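The following note sets out numbered points on the model displayed below. Please read each point alongside the coordinates.

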Amino acid sequence: MILVLLGLRGSGKSAVGSAIARRSGVPFLDLDMLTAVRLQAVDAAEAIATRGWEAFRLAECEAMADAVLAHDRSVLSLGGGTPTAPGASARLTRWRDDRRALLVYLHASPDTLCERLRGTDIKTRPAILGVDAIGEVHEVYQQRDGLYRTLAHVVVDAEGPVAGVTLVVLEAWEAAEARAT
């Protein structure tokens, strides 16, 4: 079973996902990086700058499908907007319902997300709505929170330290795998 992490920028998908992958001995797949490679870019920011959001979202959906189909057990960290890409939500729903993947929404408040983003290199996090990445957090949260909740098997409070969130998600994944066998 693939563990798929969804959430907004700054929710901890990469940190939690890589920690779980290390503990579990499985591959960690960062969809932003997989998409950048697909578009022959250094990172997601360069891919978006050179190819645009539409091309990035299309490549992102293709990279997501390839990642899920290529692995029986891995941790996949989605980009914050992946579920909004054309066809992505339907694919995620199918994988969730077929028990191919456990979808976990790492939920953090907009204030927490803003605080975390202030401590990062904003250049690597291009604005989605044409404003700065921090300034748009509240609006993007309002647009996506309901979608993430609808898609997810589990909603995990990601306000705390990575180590604690990692344990909660790992336990949910292990329980889902046990139920699936």
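1. Of the contacts in the chain (heavy atoms within 4.5 Å) that link residues at least 6 apart in sequence, 76% join residues at least 24 apart. This is a predicted model, in which local features need pLDDT of at least 70 and side-chain atom pairs count only at pLDDT 80 or more, whereas totals for chains, interfaces and linings use all residues. Residues are numbered from 1 along each chain as its sequence is written, and side-chain values use heavy atoms, with hydrogens and water left out.

2. The chain contains eight helices and five strands, defined as DSSP runs numbered from the N terminus (helices: H or I, at least four residues; strands: E, at least two). Their order along the sequence is β-α-β-α-α-α-β-α-β-α-α-β-α. The radius of gyration is 15 Å, close to the 16 Å that the globule rule gives for 181 residues, so the chain is as compact as a globular protein of that length. The radius is taken over C-alpha atoms, and the rule is 2.2 Å times the number of residues to the power 0.38. The C-alpha trace spans about 45 × 30 × 30 Å along its principal axes.

3. Buried residues account for 50% of the 181 residues in the chain; buried means under 20% relative accessible area, exposed over 50%, and partly exposed in between, with a 1.4 Å probe and protein chains only. The accessible surface of the chain is about 8,400 Å², and carbon and sulfur atoms contribute 53% of that area. Areas come from the Shrake-Rupley method with a 1.4 Å probe; for residues, only the protein chains shown count as cover.

4. How many aromatic pairs does a search of the whole structure find? The search returns two. In one of them, the ring centres of Trp53 and Phe56 are 6.0 Å apart and the planes stand at 90 degrees, so the pair is edge-to-face. Rings of Phe, Tyr and Trp (its six-membered ring) pair if their centres lie within 6.5 Å, with planes under 30 degrees apart counted as stacked, over 60 as edge-to-face and the rest as tilted. Trp53 and Phe56 both belong to helix H4 (residues 53-70), three residues apart, or about one turn of the helix. Trp53 is partly exposed at 26% relative accessibility, while Phe56 is buried at 1%.

5. The charged end of Arg73 sits over the ring of Trp173, 4.4 Å from its centre. The criterion requires NZ of Lys or CZ of Arg within 6 Å of the ring centre and within 35 degrees of the ring normal.

6. The structure holds zero disulfides, the cut-off being a pair of cysteine sulfur atoms within 2.5 Å. Cys61 is buried at 5% relative accessibility, and Cys114 is buried at 6%.

7. Thr166 lies in helix H8 (residues 162-180) and is buried, with a relative accessible area of 3%. Apart from neighbours within four places in sequence, Thr166 contacts Val16, Ala19, Ile20 and Arg23.

8. The loop between helix H2 (31-38) and helix H3 (44-51) contains Val42, which is exposed at 60% relative accessible area. Not counting residues up to four places away in sequence, Val42 touches Met33 and Ala36. Gln40 is also in the loop between H2 and H3 and is exposed at 74%.

9. Most residues other than glycine have a negative phi. Gln40 has a positive phi, near 55 degrees. Arg99, in the loop between helix H5 (88-97) and strand S4 (101-107), has a positive phi of about 60 degrees.
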